[in-house]
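Student: I have a structure to go through. Can we take some labels and ask what stands behind each?

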Amino acid sequence: MSGLTFRIKRTEPAIMMVIALTLLIIIIGFFVNERFGTIRNFLNLFEQMAPLGFLALGQTFAVLVGGIDLSIGAVVTASNVLLAGTVSGNDAMMMPALILVLAFGAAFGFMNGWITVATGVHPLIVTLGTASVLQGLVLLYTLQPTGSVPFWFEEFAYGRVFGFPISGFVMLLCFLAVGLFLKYSQTGRAVYAVGGNPEAARLNGIRNNRITILAYAASGFFAALAGAYFVSRTGVGDPRVGDPYTLASITPVIVGGCLLGGGRGRITGVLLGVFMISLLNNLLNYINISTFIQWVIQGLIIIIAVAVYVDRRKKP
Amino acid sequence: MVYSTFKFGIPVVLTAGALLSVSSIGLSTKANASAPECAPAAAEMMDTVKYKKDPPFRIGFANAAKGDGWLVTFFHTVEHSAQKHADKLDKFIITDANGDPTKQISDIQDLMNQDIDLLLVNPATADALDPIVGRVMRRGIPVVSAARRVKTDDNFVSFATASDTSLACHSATWLAEHLEGKGKIVLLPGKAGASPAETRLNTAKEIFAKFPDIEIIDVQYTGWSPANGKSIMSAILQRHGKDIDGVWADSGLQGSGSVEAFLNAGFKSEDVPPHTGGDLNRMYLLALEHGFPFIGVDYTPAIGGSAVDLAIDILEGKPVPKSFVVPAPIVVSEGHNTKTIKGTVALKDYAATNQPGDYIMGHGIGNDYDSKSFTANYPN
């Protein structure tokens, strides 16, 4: 019980900050544009936040084990191009290709994790290197958007069930599954343990290397899922689609209260971080102001979020 | 129907612009005559009566990016035209995707949620925007595409462009003919994977392939950056020395950097090999100052303004062309016309000697246009 209280004390300020900022954005939105507060807009928002949600989930795994995955953007791109290129309008290939791509993402992440533990090189360097290799291979394969998918696959990105976006629903299911996995499974708890104190984890019988590799495999899997989502949304494989998403995937993880050093962070916080960042982008479209303001605000939010965390750690 | 009012900052071009603004589709006037094999195809006219509405109109503009000087000027031509039509506008709502097609899709959804009457879009990529723009059209909202078109013909009503194919066809043909079909050349395309860069590069390669004694010794993407153009050409010069007979750049953005690399490497003005590339005033000024053989064909940013004109015409129910190719003058240095490529404007008349090097040409906004201080008033 005391442990639970301690954890709430440690985690709540970050989440409370996200909630407060989210509410602020919503209030501003209601005042500046009458269309912002409509159900249609919030449903659109759930659809739009899905890829960032997938990517943030993956990045969360890497961060929780004390690492970082800078190959996310390249895996998104490679999966995106691989899926569209393999299917190329052939209906029958859609599901096998989708499974292939998700497996590819997990395998690539697995390789990142293996290199990290086998060489002892910091994952920042490892994933930066593998990202460069993968992005280069993609550009060797194609310089222009390529391939196509059956029309029905667009439903993943644009479809609605009882009015609710399918992609938003899948994202929420993923968050729920990962949240339950991290909280209740032995392996999930080991992810926190490895990131928080690797030596203690090892002494407790946890196979740190396996957990680290698993975390990067999960990161690769979710990056591939986002890549598939983008194929569904754009209808093609784009050799540049993942470019903005490596750094974008880190923002909600930090804002959501995950400690970059590993071992601490809640999936609820990450989900709120994704929601807040997406809401901010959405609001700026209704305010009709420069997109560069968005960068400024996002930067400020990251600094504020981290400052809150640092301040919290200094207190006894 | 006035789709373009070109004012390139000089009387000669003003006259040409006036001629163009009243000409019809497929524009082929004396001042902007294309070489026959490079001329864009004639456009089909679209009936837009079903989109007719009573003003004021609410137009959404999903911009791709403002990441370089050309894009900024393009954006300003859109704003300038919105200001020109301000009395017919309820709102002109602008979003910016910062070059990310997936964000642009979300931007378009947000614009649709604001009950726009028409979507104006400068697609970040031609293919990726196709599904969402198709959805916009199927909801009865007309789409005007600017600079890049989306993949499917049915997914837009009209498209304002400056023809990458025509630009590359003119510049590559000129270079090949200037070299009399023989020599070693370097190709400096724009950004790898960007459809304008790839279209221009492919067109240029097709042209050069017709000349078996033209040898392409290097192809380097430059990201349309003068700095990259300079550093890349400096490296190429290290490898090939004086063995370069010509440089094909799809824009003066990197072309100007290439010329500077030659000058920095100690080449005298008369030894700088022939270069191609428009858009950037610096390129024209260098060609004028140093006198090397040169052709400049702008990918005119005035297409942004023309796209707004088309949008207004559609909402007023006037017929519009499916594809409107905004013409650009062909600028050839003095005495360097070739067999099929003739300059339509003299270099000395076209180069804006009273403007800075980073000035983007062909905007059509007026002589006193300054991208740093430009503002426009329109309802938003």
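**Labels and their grounds**

Tutor: What covers the buried residues of α4(B) includes α7 (154-158) and α11 (208-234) of chain A. From chain B, α3 (101-112), β4 (118-121) and β5 (143-146) take part as well. Keep in mind that this is a predicted model.

Student: What makes helix α4 of chain B mostly covered?

Tutor: The count. Eight of the nine residues in 130-138 are buried. Buried means under 20% relative accessible area. The buried residues are Asp130(B), Pro131(B), Ile132(B), Val133(B), Gly134(B), Arg135(B), Val136(B) and Met137(B).

Student: What follows α4(B)?

Tutor: Gly140(B), with a positive phi near 85 degrees.

Student: Why is Ser219(A) called buried?

Tutor: Its relative accessibility is 1%. The cut-off for buried is under 20%. Therefore Ser219(A) counts as buried. The residue lies in helix α11 of chain A.

Student: Which residues does Ser219(A) touch, leaving out those up to four places away in sequence?

Tutor: Gly58(A), Gln59(A), Asp69(A) and Ile72(A).

Student: Why does Met16(A) count as partly exposed?

Tutor: Its value is 47%. Exposed needs over 50%, and buried needs under 20%. The value lies in between, so Met16(A) is partly exposed. Met16(A) sits in helix α1 (residues 2-32) of chain A.

Student: Which residues make the nonpolar surface patch with Met16(A)?

Tutor: Ile19(A), Leu23(A), Leu24(A), Ile27(A), Ile28(A), Phe31(A) and Val32(A). With Met16(A), they make a patch of about 770 Å². Patch residues need over 30% relative accessible area.

Definitions and conventions: Residues numbered from 1 in each chain as written. Chains lettered and ligands numbered in written order. Predicted model: local features only at pLDDT ≥ 70, side-chain atom pairs only at ≥ 80, totals over all residues. Heavy atoms only, no water. Buried < 20%, exposed > 50% of the residue type's maximum accessible area, 1.4 Å probe, protein only. Helix = DSSP H or I, 4+ residues; strand = E, 2+ residues; numbered from the N terminus. Contact = heavy atoms within 4.5 Å. Patch = residues over 30% accessible without salt bridge, like charges linked within 9 Å, V, L, I, M, F, W, Y side chains within 5 Å. Areas by Shrake-Rupley, 256 points an atom, 1.4 Å probe, with all protein chains shown as cover. Salt bridge = Lys/Arg side-chain N within 4 Å of Asp/Glu carboxyl O.
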